[in-house]
Each structure stands twice: as structure tokens, then as C-alpha cells.
Amino acid sequence: MNLTELSFPTLCFYLCAAITVAAALGVITAKNPVHAVLSLVLAFFSSGMIWLLLQAEFLAISIVLIYIGVVMVLFLFVVMMVDINAARLRDGFWRYLPVGLVVAGVMVAEMALVLNGRYFGLAAVPAPEPAAADFSNVKMLAHLLYTEYAYAFELAALILTVGLIAAVMLTFNKRVGSKRVDPADQVAVKARDRLVMHSIPAEKEPVVEPVTDGSAEVRS
Amino acid sequence: MDQILQPFEAFFGPFWVLIWTLVKIMIIVAPLMGAVAYTTLAERKVIGWIQLRIGPNRVGPLGLLQPVADGVKLLFKEVISPTKASTQLYFLGPVMALAPALVAWAVVPFDDGLVLSNINAGVLLLMAITSVEIYGVIIAGWASNSKYAFLGAMRASAQMISYELGMGFALVCVLMISGSLNLTEIVQAQGQGWFAEQGLGFLSWNWLPLLPMFLVYFISGVAETNRAPFDVVEGESEIVAGHMIEYSGMSFSLFFLAEYANMILISTLTALFFLGGWLSPVGFLPDGIWWLLGKAAFLLFTFLWVRATFPRFRYDQIMRLGWKVFVPLCLTWIMLLSVWLFSPLSIWK
């Protein structure tokens, strides 16, 4: 392969693909769970870059926005907060290894069937036409989502809202005697309600009378 | 221009795109870093004047060499890492804090056509990049292996996640009336309308019809950058310096640079989204990059002004403002706006 024939996108692809594979390996080999989660973030990010090379800009940016920006932050919180004993995690390694190998084998076989099959490949699925310069992936997607698939889209939104409310209700426990303050009440308070002015007559100075024998006696 | 670049392009082959982009990036980042350095001086000067002090005036004329002196001092300080810190991540933290603050500039248009990458999904990219900023804080807080640092990181990330919502919703309103995710088109859309035709362009910018969203965006921006009055993250009376507590020398100054770079970014973005970017406020003056710089500089001054004026919020007040004030306000405004857009009274036809 001649280097000058290599286009820049191809170079980018190999770079991103290499990083993705390395990061994915990091996820399963890292001793520290926090390092594993951060490797997963890197894997997500570089696969997002590969999608960007495929001109799927909305998908690529969404994975950064949603998975890296929100979901993985949550993961990281959980992993950081939970005290994980790395040595104990490794205990069942040999016991679970056969099961893991079987699952991995099945996955590899499935992928090989699909990717090597005659339904998939350049002959069956030709490369798409390069998009025009003013082609907007996001606009296209939005158009489909809000016209043809509006019903499914709104249904998904409804389900998510229900899920959100359910999650809040499940974890919500109303504490009795909580000292929560209501800012509206705080703002609306009047000086009168907090401060009462009393008129207290001034105390008289104790009168000190000189006594004839020289010592002073205080009389109240 | 193309004639001059032709031999270079032939020489570098497939790497030419990379090299030419790197050159453009340097043209953006170098002045930005200069601006960051002088923002630190401006902050000390402005707050000094507000508090009837003089501010730094010893190094160079009017103290103008102060940022250079600070930079040199930080460079020569020893970089220390705590014994039980996770060393690689400990030094990755400040890098992750600064990098997104610089990456976001890729889609910022400085003038009509003067932009590094004029992509269609510019706003989405900005939101994605700013959501990555949080990693610098979390990684730094965790890798320091210190309680204060971790508490600071927790506070910072909770605050950043909360205020990202407000910023996102405010941007949704901007998108709805511009009908585009491209920043250049968003600015151009602000130059149209009845007022713009009368030569009073500043009245057709987004800040007027979206006034609540303008405020929400800017206040959320202040909170997002963890600046006063939302600076519980590094509230020195409670948790010393938050996630930066264990850092020294250059690794600390990277956080510092990131904070100021983010301030400049938020100011510029607010100017682009709501104050018409490079558009001139009145008809008889030409449009140009100086308007954008001027607007961004004014908003940057507001950051400093706010810091010198308001006392620090309590943590529950910050959360309340983000979730119980801004989010309902934004949702209401989105609904009102969508009705307005399709009503006969719409001004965006």
C-alpha cells in the first residue's frame, strides 16, 4: 500500500479503530474499576469518531453527548462511591471462564455468519452515494422522526417520562421533621414577624451612699 | 492563497489536511491563550477597582506584565503528586479539564465564513464537548485520593450536570427560532426582521424575544464554569480548593487556564446565540469581528462584575435555582415559543 494513495479519512479510520480496540481491551483488563470505566469512555469516544467518518454526525455527537456526557458520568459516580475489592472480584475468574468462553464463542460465530454471509458485503450492499455538501444529517433525521415516525417517537417520550416518574417515586421517601426551608416564605417575611420592639423602662443607677465608717455599701 | 499552498500540499500528501488544520488551530488557540492570561489580570484589576483598591501594578507598566510573571512563577514551581494518588489519572485530570475548553472553539464562527469547521450540527457538538468537561473535574477529584478533592469533584459534577440542562433548554429555544444547528446560520438569522430593516439591528437579536432564556443561559454559564457566586466547588472556607487542592505548579495552572478559557467561551457563545455575534447593532456601522470581540469582552466583564458583587450561594440554593427555577421556566418558555412560532403574531416568518 502506497502512503500517498492513502486518503486522510482512511488514516483517521485506522487510528480510531486502533484506539477503540486498545480501549476495549483496557476495559476488560484494567485492575481498577475506575480505570476500566474511563477506558470505556475512550472506546465510546473513538467509536463515535468512526461514525463521524461514516458521515453519521448526529449519531457520533449523540454518543458523546448522551453516553459519555451523562451515562458514563453516572457509571463513574457509582464505581467511585462503591468500595470495590479488586482481589475478591477476581475470585470467580476460573469458575466463570468456561461460561464466558461459550458466550464469546457464540458472539464471534454470529458475527462471522452475518459479516461473511452473502447478504452482507459490497456486492449485496453497495457503498452509499457520497452526500451533497449541504446535506444535513440532523435535519434529515428530524424530518423522519417528526413526520413518519411521530407516533413512535412520542410513545417513546411518554414511556421515558413514566419511567422517570416511577424512578423518582421509588426512591422518594418523605422524611418527617425535615428542616427544609421554603425560599418563598423566606422572601415574603416581614420585619414585624421576626422582630418585636418592646419598650423597657431604663434601670436606675444603684445609689451608693457613703457610710460613716469609710467602707462603701451597695444598696439596690 | 491556494497557489502558495500548492507545493506544501504536494509534499505532505495525505497528511496535508492534518498539518493545515493544525496551523489554523494554532491561529485560534494562541490569541485565546493570550486572552486567558490577560483575563486573569483584568479580573484582579476590575475587582480591585470595584473594591476601591489599585490591583496589581508592580510588574511592568500598569502591571501589564503580571500574567507573564505569574506564568513564569507557576512554570518553575515543583509539580507534586500525592503518594497514594493514581499518578496517570492525576496528571490526566488537568488535561481533560483544559482540552474541551479549547476543542469547542472549532465551531465558533468569528465572522461570516471565518470559522475552523462550519459543520451543520455545530450546536450539538458544542453541547457534547461541554458535557465532556466534567471528566477533568471528576478524574482530578478521584485521582488525588483526598477527601476534600473528592467532595469538591462531587459538588462540581452535580452542579455542572444540573446547569447543563438549563443551558440545553435555552439553546433549544434558539434553535427553534433559527431553524438551524449551524452557528453561522444562527447569527445570520438574527440579522433579519423588521427592526434590522429599520437599521436597529440590536432589537432583532435573540436577546429580546428570548430575554428569559438569555438570562438563563448566561447564569447557567456562570454556574457551569464554577465561578462566583456558584463557586462552592472551591469554596475556600469549606473545602479549601475543591478538586484542585492537591495540585501545584503547572498542573494547577491548567485548571486555572481551563476556567478562564471556559469563561471566554461562554461569553463568546452568549454573544453568538443572543447578541447577534459579529452583526453591527445599528445599520450605519459595518458588521465585523470587532463586534463579536466587543460583545464577548462585555460579557466577560459581567463575569468579573458578578464575582465582585454577589456573595456565594449555599449549595441547596444552587440546586434549587437549577432544577426548580430554571428547568420549569425553560419548559414553559419552550411551550410559549412554539405557540408563538405558529401563531399569526410570529416574527420569524
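This is a predicted model: local features need pLDDT of at least 70, side-chain atom pairs count only at pLDDT 80 or more; totals for chains, interfaces and linings use all residues.
**Tour: a helix pair in chain B, then the A–B interface**

Residues are numbered from 1 along each chain as its sequence is written, chains are lettered from A in the order in which they are written, and side-chain values use heavy atoms.

Select residues 147–178 and 249–274 of chain B: the axes of these helices, H7 and H12, come within 11 Å and cross at roughly 30°. Axes are lines fitted to C-alpha atoms over the stretch in contact, with angles from 0 to 180 degrees between N-to-C directions; helices are DSSP runs (H or I) of at least four residues. Next, display B:Met167, B:Ala170, B:Leu171 and B:Val174 on H7(B), with B:Ile266, B:Phe273 and B:Phe274 on H12(B); these make the contact (heavy atoms within 4.5 Å).

Now show chain A with chain B. Here 32 residues of chain A touch 28 of chain B. The two chains bury about 2,500 Å² between them, 78% of it on carbon and sulfur atoms; buried area is the accessible area (1.4 Å probe) lost on being put together, summed over both parts. On chain A, select A:Phe8, A:Ile61 and A:Met80, which lose the most area to chain B, together 22% of what that side buries.

Notes. Helices (H or I, at least four residues) and strands (E, at least two) are DSSP runs, numbered from the N terminus.
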